[in-house]
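Please look over the model below before reading on.

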Amino acid sequence: MSPTLSNPFDADRTPAGAPEDERILCRADEIAEGKGRGFEFRHHDPVFVVRWRGALYAYRNFCPHQGTTLDWKPDAFFAPDGQHLMCATHAAWFDPDTGLCVGGPCLGAHLKPAAIAVDEDGMVRLEKLMG
Ligand code: FES
């Protein structure tokens, strides 16, 4: 008899409980001001969504410096100042609204934006899967 695995991810790294329709990310009001949320997908690159100054912004979750994910713990994307996004690996700082790196080893580079929209039900939808 084979042991039961307790890994929260299935074989292709899809988080347990991931929605059937991968383009529906979450309710918009679940992302508070100055907070973010990361999303992983079965066959596409991870993205994250942040709320800053009332608006939602989404990017692929890859740093332009060395391609690591930005979050230093789940859903943690903001620098301590609350005004910039920060990469956990080498602490590059990015403007939340443009994705421009304003400090760190990839100064002048940009996070790759992900197109999102909030639908009539208040759900954040990814307009196009990445990767
Ligand atoms: S990988 Fe992000 S700053 Fe180096």
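1. Two strands count as paired if DSSP finds at least two bridges between them. Strands are DSSP runs of E with at least two residues, numbered from the N terminus. This is a predicted model, in which local features need pLDDT of at least 70, side-chain atom pairs count only at pLDDT 80 or more, and totals for chains, interfaces and linings use all residues. Residue numbers start from 1 along each chain as its sequence is written.

2. β1 pairs with strand β9 (residues 123–126) in the antiparallel sense, over three bridges. In this pairing Ile24 stands opposite Arg125 of β9.

3. The order β1-β9-β8 describes an open sheet of three strands with antiparallel pairing. Its edge strands, β1 and β8 (116–118), each pair on one side only. On average, neighbouring strands here are turned by 25° against each other, direction ignored; the axes behind that angle are lines fitted to C-alpha atoms, and angles run from 0 to 180 degrees between N-to-C directions.

4. Another open sheet has three strands in the order β5-β6-β7, again antiparallel. At its edges are β5 (85–86) and β7 (101–103), each pairing on one side only. Two bridges join strand β6 (residues 93–94) to β7 in the antiparallel sense, and Phe94 faces Cys101 of β7.

5. Where is Ala28 found? Ala28 lies in the loop between β1 (24–27) and β2 (36–39). Its contacts (C-beta atoms, placed from the backbone, within 7 Å) are Leu56, Val118, Gly122 and Val124, not counting residues up to four places away in sequence. Ala28 and Gly122 are 94 residues apart along the chain, yet their C-alpha atoms are separated by 5.8 Å.

How values were computed: Helices (H or I, at least four residues) and strands (E, at least two) are DSSP runs, numbered from the N terminus. Two residues are in contact if their C-beta atoms, placed from the backbone, lie within 7 Å.
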